[in-house]
Structures are given as C-alpha cells and as structure tokens.
Amino acid sequence: MRIFLAIAYFFKILFVGEKALINYAQQRAVGQAKDEPSAAKPEPTVAPVFHVSTTPAIQLLGLLQKEGRLIDFLQEDISPYDDADIGAAMRDIHGSCRKVLDKHFALKRILTELEGENVTIAAGFDPSRIEIQGDISRQEALTGAVLHGGWIATKADLPTVAEGADENVVAAAQVEVKA
Amino acid sequence: MSRFIVGIDLGTTNTALAYVDKASEDQTVQLFHIPQVVAPGSVESLPSLPSTAYISAGNELVDGAINLPWRSEDNVVLGSFAREQGAKVPTRFIHSAKSWFGHNSINPEDAILPANSPEEDAKRSPVDIAKMLLTHLREAWNDEFATDDEEHDLILQEVTLCVPASFDANARNLTVAAAEEVGFTNLHLLEEPQAAIYSWIEALGDNWRKQLKKGDLVLVVDVGGGTSDFSLVAITEEEGDLQLRRVAVGEHILLGGDNMDLALAYGVAQKLKQERSKKLDTWQMAALVQQCRKAKEIMLSDDSIDSHQITLLGRGSSVIGGAIKIDLERSTIQQVLLDGFFPEVEADAWPAQPKRRGFREQGLPYASDAGITRHLAKFLCQHAEAVTELLPELAPEEGQPVLPSAVLFNGGAFNADVLRERVMATLNSWADAADCDGPRALDQAKLDLAVAHGAAYLGLARSGKGIRIRGGSARSYYIGIEGAEPAVPGFAPPMTAMCVVPFGMEEGSSLDISGDDAGLCIYTGEAGEFQFYSSTIRTSDKAGDLIEFDEGELIEHNPVETVLGEGKAEVAEIDLRSNFTEIGVLQLLCVNTASQQTYNLEFNVRHHDDEQEQE
C-alpha cells in the first residue's frame with residue numbers, strides 16, 4: 001500500500017503539481033482520520049491520477065479525427081469526386097472540427113482592425129506577433145494596411161488521457177463483431 | 001439543519017442537480033455542474049448527467065479510461081461517455097431506466113436491463129441504475145463540497161427529488177427506497193410539472209403575482225426526453241393571498257422528445273431504403289439521429305428553409321467516397337413532428353385506444369398514439385369536473401375539455417418555438433370553438449433545467465421563504481373487494497372497489513378506514529392479497545367509499561399483500577389505515593380489529609409474471 005501511494009504521489013507531482021498534491025494529502029489525512037465504519041459511507045480510496053498527454057500534437061490530431069474525421073479526409077484521394085460531393089462532406093467536417101477548436105482553444109485576433117484598414121505599428125514591435133511585408137527599412141513607427149489580423153491562442157486546454165492509452169494512436173482501428 | 005437545500009431531477013434521459021447554499025448572502029438557486037467521464041481518461045463538469053450507464057466487458061477500454069476524480073473505476077461508467085460508448089456496444093448500454101419504474105408487468109428490482117441483451121454480466125435493474133446515478137451525484141457533490149466537512153455530505157442535506165406527476169404509488173415508493181439505500185436521510189418527492197412552476201416563480205420573484213390572478217388555471221405541458229406529463233394548477237385566493245392548487249395530473253404517457261428525433265431519423269432511413277436501397281448500419285443510424293436533431297432545430301427556427309441536406313460520412317476511412325447525402329424536406333418535418341406528435345385536432349379527439357397485449361411483452365409500453373395534442377384533449381376533458389369544483393366559472397359544456405387560461409411549457413422539446421406555437425394554436429382553436437378566451441403562454445427560460453431549479457426553490461419555500469403549491473396525492477387509490485354473491489361459472493365474481501386514499505390526501509396525513517361496511521376480513525397466518533387500483537379522474541371519492549367497478553376509470557396495479565400474524569388460519573376482521581408520508585410515499589396498513597395489531601400491505605410486483613407462468 002505504501003509503495004503504491006508513493007508511486008501515486010510521484011505521478012501526482014509529475015502531472016498535477018505540488019500544490020494540488022498537498023491538498024490531496026490533506027484530504028486523504030482528513031478522510032482517514034474520520035474513517036469510522038458506516039454503512040452509508042463509501043470506502044476511502046486513493047483518488048486516481050489523470051494524465052496530460054505526453055504527445056499533445058498527436059492527441060490534437062486524434063481529437064480532430066474523432067469529432068470531424070479530418071485525418072480521414074486529408075488522407076483520402078479526393079481527385080475522383082466532384083466539388084458538390086466534397087463540399088457536402090466538408091460542411092460536416094468543418095462544423096465538427098470547429099467545435100474541437102472552440103472547445104479546447106480560445107483564439108483571438110492580434111490586430112482587431114478590419115483587413116484593408118490602415119494601422120500604425122510602433123517601433124520595437126514583436127515580430128512573432130506582427131509580420132511586416134513590403135518596405136521595412138525605416139526604424140520609426142510604421143503605417144500600413146492590415147492584410148491578415150493574425151490569430152493568437154489565449155487558451156489551450158487539451159483533455160487528460162487514460163493511463164493505459166497508447167499515446168501515438170490518432171484513431172483506433174474499428175472492428176464490428178456481429179452477434 | 002443542513003447547510004444546503006438540494007433539488008434533483010432524476011430524469012429519464014438527463015439528471016440534473018440544483019442547490020441553494022443557506023450560508024450564502026443572496027440564497028439563490030445554483031446549478032451544480034456534474035463531473036463525468038466524457039472520453040477515455042478525461043472528465044468534464046457538465047450542466048447535466050445523461051441518465052445512461054455503460055457496463056464494461058473489461059477488455060474494450062484502456063486502463064484508467066473510466067476513472068473518476070474521486071475514485072478508480074473499471075466496470076461501470078455513467079453519463080456522457082456511457083452514451084457515446086453505448087452507441088457502439090448497445091448490448092452493454094442502459095438508458096431510460098426510469099421508464100421501467102411505472103411498468104406493471106416487471107419487477108423494477110430485477111436485473112433486466114439492457115432489455116434483450118445476451119450479456120448477463122451487464123444486466124442491472126432499473127432501481128440499480130437510479131441508485132448508481134444518485135451515488136454518482138453524491139460522490140461528485142462530496143468531492144466538491146464535503147472533502148473537509150462531513151456535515152456537507154449530499155445525503156445529509158435537505159433533498160427534493162422529482163418524479164413524474166403520473167408516477168403511481170409503487171413507482172414513487174421505489175424511487176424513495178432507491179434514494180434511501182444510497183443513504184439519503186432528508187428526502188421529499190415533488191412532481192416534475194410542479195417543479196417547473198416553482199422554477200417559473202423563482203425566476204420572476206414576487207412579480208409572478210402580476211402574471212396570474214384569482215380564477216386562473218395553469219396547464220403545465222412537460223414533454224421530457226421519454227415521458228409527457230400534464231398537470232393543471234388552479235389559482236385561488238385565501239384571505240387576500242393567491243394560492244396555487246394542483247387539481248389534476250395526467251396518465252403516464254411514455255412519449256417524449258427522444259421519440260421525435262428517432263421518428264424523424266427512421267423516416268429518413270426509410271426514404272433511403274426505398275429510393276436508393278441503401279441500408280444504414282447502427283453507427284450510421286446513430287449519426288443520422290444526431291443529424292436529424294440538428295436539421296430539425298435549424299428548420300424549426302427558420303421558416304424560409306425548405307430542405308436541409310444531411311450528409312452521413314462514409315463508415316470506413318473513405319470519408320467522401322462512402323458518404324450518403326439526403327435532403328430532409330420541410331414536408332417530412334411537418335408530417336412527422338407537427339402532424340405526428342402535435343396534430344391540430346378537435347377538442348373531442350382522443351387518442352386511439354391501445355390494444356390490450358399480453359403481459360409478457362418485453363419492451364416498454366410506449367404510448368400507442370403519438371399525438372400529444374390528442375392525449376391533451378383527453379386529459380382536459382377527463383379533469384373538467386375536478387377543476388370546476390374549484391373554479392366553477394371555467395365549467396365547459398358536457399363532454400368538452402376544460403380550458404386553461406395560461407400554459408407553462410417544460411422540457412427540451414419545447415426549445416422549438418414551432419412546437420410551443422402548435423400547442424397554443426390547438427388550445428386556441430378549442431377556445432374558439434367553445435366561444436371563450438384562449439390561453440396565454442407563460443415564459444419559461446430554462447426548459448431543460450427548470451425541474452432541478454424548481455425543486456431547490458421548493459426547499460426554500462418549505463422554510464417559509466416562498467409560496468407552495470398545494471396538491472397532495474395525485475391519484476385516488478382503491479382495493480378491490482369481491483362481492484359476496486354466488487359466483488356464476490365462466491364469469492369473474494362481481495367486484496366493488498373501496499377507496500383507501502382519496503385524491504388530494506395531504507402529505508403527512510393519515511386516515512383510518514373501517515372495514516365493517518365492506519365486511520373486510522382476511523385469513524391469519526397466510527398471505528392475503530387485495531387487488532389494487534388507482535384513478536387520476538375520480539377526484540371526489542372519500543376514504544372508505546365503496547364504488548361500482550368501472551374499468552374505464554380505474555387503472556389496475558400489481559396487488560398488495562400481507563401476512564396477518566403467524567397463528568393458525570382463521571378469519572380475522574380487519575380495518576385499514578393509509579399514511580401519506582411527509583416524504584410523499586404511500587403506506588397501507590391492515591389493522592386486526594380484534595388484536596389492534598397492524599401489518600404492512602406491500603406491493604407485490606411479481607404477481608403478473610407468476611400468473612403467466614401458471615398458465
């Protein structure tokens with residue numbers, strides 16, 4: 001039991017952080033202290049550990065595939081189909097993939113001006129946030145038309161994954177067993 | 001005194017919990033977001049918990065897939081992920097367990113679900129499922145509120161549990177028994193349509209008094225996922241204060257929003273089969289139901305769309321190659337939803353009489369007539385008398401329905417404006433025909449979560465901080481008594497029925513019924529049994545009244561039985577006592593007149609099966 005707890009604590013620290021662990025240990029202590037037998041009371045158990053994926057990029061592919069079949073679509077040879085068929089399928093794929101995006105990410109425009117509007121960029125801007133195209137020789141503030149407002153993620157929140165899962169799997173193979 | 005007041009909607013398709021923290025300043029009703037497994041290894045808190053269970057076979061899920069934040073679990077998963085996994089493995093998936101509570105021919109404590117599944121290890125009883133859902137709520141709640149204070153354990157709080165108004169005494173008792181086994185100690189039952197009214201009152205605060213006046217009659221039309229429930233509430237005045245009295249509830253109608261989506265999907269699947277001889281597999285069918293639900297919502301909210309394309313992506317990895325496209329036409333929606341479930345009918349159009357079937361039938365006794373408006377017409381007609389006793393000015397002509405002055409909708413199905421409008425239009429046409437004013441619709445903001453909210457609000461009302469609806473027992477109950485006339489061969493002996501619980505009997509009251517008039521007696525030392533009936537229509541019988549047996553008015557339930565003492569068999573004269581407890585459950589007792597000893601009369605749920613086996 002002790003070894004098990006030690007291992008559980010180790011993973012807790014690894015994945016949940018120390019602060020959560022302290023709370024967790026306190027909860028356990030409280031749980032044990034008042035551990036009189038009572039019919040209506042569930043047995044105290046070690047709270048399970050929830051894992052953050054070690055391969056979040058593959059996990060994201062998996063989410064887009066599960067909800068929106070995006071990997072199937074990208075892997076499919078679409079040359080034999082006419083635009084109407086692709087369009088019809090795309091509506092569904094677009095809607096479902098958008099849901100994944102909305103659920104796990106928060107995206108904001110870097111520049112809120114409409115595309116085509118003029119904007120002044122102060123000197124010393126962050127080139128990872130704003131990409132200047134055209135004449136960039138001057139060192140003072142720059143004025144130009146917005147080509148693309150950019151996107152920045154203000155939240156990225158992927159779900160936890162099961163302990164026993166092979167984290168390289170994008171989509172499990174499916175087999176139907178007939179009765 | 002518990003710190004929290006809790007309302008639980010243990011729905012056929014979704015479970016929700018709302019609460020009031022008495023230690024908070026404003027004491028408003030809050031919704032508890034219920035943590036549940038949403039994908040293998042991933043838990044999320046959602047506004048409701050789908051009332052579904054998936055029983056793992058042990059090898060199809062990875063380790064830790066269905067763990068909960070508060071404990072490891074490797075066998076049973078409830079809620080969102082159960083529903084998703086269940087669509088892939090239907091033989092291990094249990095849903096709509098509550099529908100089986102009101103089912104006379106099965107024992108809801110027998111492990112019978114999933115019905116028709118060959119996998120014995122996955123079988124659970126409807127009562128088990130209720131207990132599992134309540135236990136999940138308790139664990140989730142305790143993880144949030146009771147980790148450092150045992151007093152905040154959910155089972156120690158004042159809990160109001162909602163049940164369909166149409167539940168009979170047995171179904172109500174089973175619900176309470178399930179909750180008590182989970183450990184709940186401070187329970188009350190509340191009818192769902194009443195909860196919807198409380199939620200409406202809660203949202204308006206004192207302003208509700210401006211929207212209703214003395215003499216109003218409110219019809220609650222509650223179409224949940226699996227059941228449709230009607231109630232009538234009369235507004236009266238006592239000493240200058242408005243009073244609400246629930247005057248009628250409808251029969252148990254197994255017909256709900258889920259049936260509508262399914263009906264649409266089957267309509268489309270049928271079309272695919274006929275026009276293109278394409279047969280859908282179960283996975284595609286599930287996808288089709290989802291797509292139809294979406295298409296329905298889009299088309300019902302915008303009149304200008306005549307058809308909506310549904311695309312079912314290919315089953316294998318070829319998404320576009322295997323895709324099936326079909327148009328869902330407005331005419332199909334019109335035909336299936338509006339004309340099928342909400343037909344514009346005359347006020348005297350009653351549902352088609354169900355055919356009597358054998359008790360052995362495996363499935364649920366779904367309503368045989370899907371026309372909810374026809375069920376409504378019947379309901380309003382049958383309860384005209386009960387209403388007019390209280391509100392004589394609403395008396396309709398003989399055989400016509402009593403017409404409400406206000407309508408409160410409840411249930412997710414009514415998120416579609418068109419369906420609410422159709423019900424209102426139908427009621428208005430009945431009002432026109434009767435030459436009186438049509439009803440107005442009351443605004444209900446939270447159609448999905450109103451029941452849990454209203455139940456929590458009632459907790460506040462109980463402590464004197466709000467108005468309460470008076471109602472009492474929604475049915476009158478009877479025991480059957482065989483006549484003393486000589487039996488004629490080939491005919492069942494003539495029966496009379498004795499009222500043991502009058503309609504409207506208040507919670508927390510008790511009635512003694514003399515067995516003298518009826519000459520009630522029973523053999524001691526062996527099981528004695530009474531036929532048991534109820535009625536939602538006979539509202540004026542008093543306890544002890546003997547009435548002529550009328551099949552149209554009385555619904556037969558499983559019999560009640562008792563064993564009187566252990567001594568040798570001799571005839572004992574008995575009296576009866578009925579208790580309608582504070583919790584809201586019915587207890588029947590036999591009193592041996594000679595010894596004054598009392599014995600419980602229990603519901604015998606196995607009766608019908610036994611009978612069948614003997615044949």
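1. In this predicted model, G584(B) sits in a loop of chain B, with β27 (571–580) on one side and β28 (586–592) on the other. Is G584(B) buried or exposed? G584(B) counts as buried because 25 other C-beta atoms lie within 10 Å, and the cut-off for a buried residue is 20 or more.

2. Leaving aside residues up to four places away in sequence, G584(B) is in contact with R172(B), H188(B), L189(B) and E507(B).

3. On the division of chain B: domain 1 covers 4–190, domain 2 covers 212–251 + 348–453, domain 3 covers 257–341 and domain 4 covers 476–614.

4. The centres of domain 2 and domain 3 of chain B, taken over C-alpha atoms, are 31 Å apart. Domain 2 of chain B gives 14 residues to their contact, and domain 3 of chain B gives nine residues. On the domain 2 side, helix α11 (residues 417–433) of chain B supplies the largest share, three residues. That side of domain 2 of chain B is made up of six nonpolar, six polar and two charged residues.

5. How many residues does chain B bring to its contact with chain A? Chain B brings 29 residues, and chain A also brings 29 residues. On the chain B side, the elements giving two or more residues are β5 (42–46) and β15 (307–312). By class, the side of chain B that touches chain A holds 12 nonpolar, 12 polar and five charged residues.

Note on methods:
Residues are numbered from 1 along each chain as its sequence is written. Chains are lettered from A and ligands numbered from 1 in the order in which they are written. This is a predicted model: local features need pLDDT of at least 70, side-chain atom pairs count only at pLDDT 80 or more; totals for chains, interfaces and linings use all residues. Domain bounds come from an automatic or database domain assignment. Two residues are in contact if their C-beta atoms, placed from the backbone, lie within 7 Å. Helices (H or I, at least four residues) and strands (E, at least two) are DSSP runs, numbered from the N terminus. Ala, Val, Leu, Ile, Met, Phe, Trp, Tyr, Cys and Pro count as nonpolar, Asp, Glu, Lys and Arg as charged, and the others, Gly among them, as polar. A residue is buried if 20 or more other C-beta atoms lie within 10 Å of its own, exposed if 12 or fewer, and partly exposed in between; C-beta atoms are placed from the backbone.
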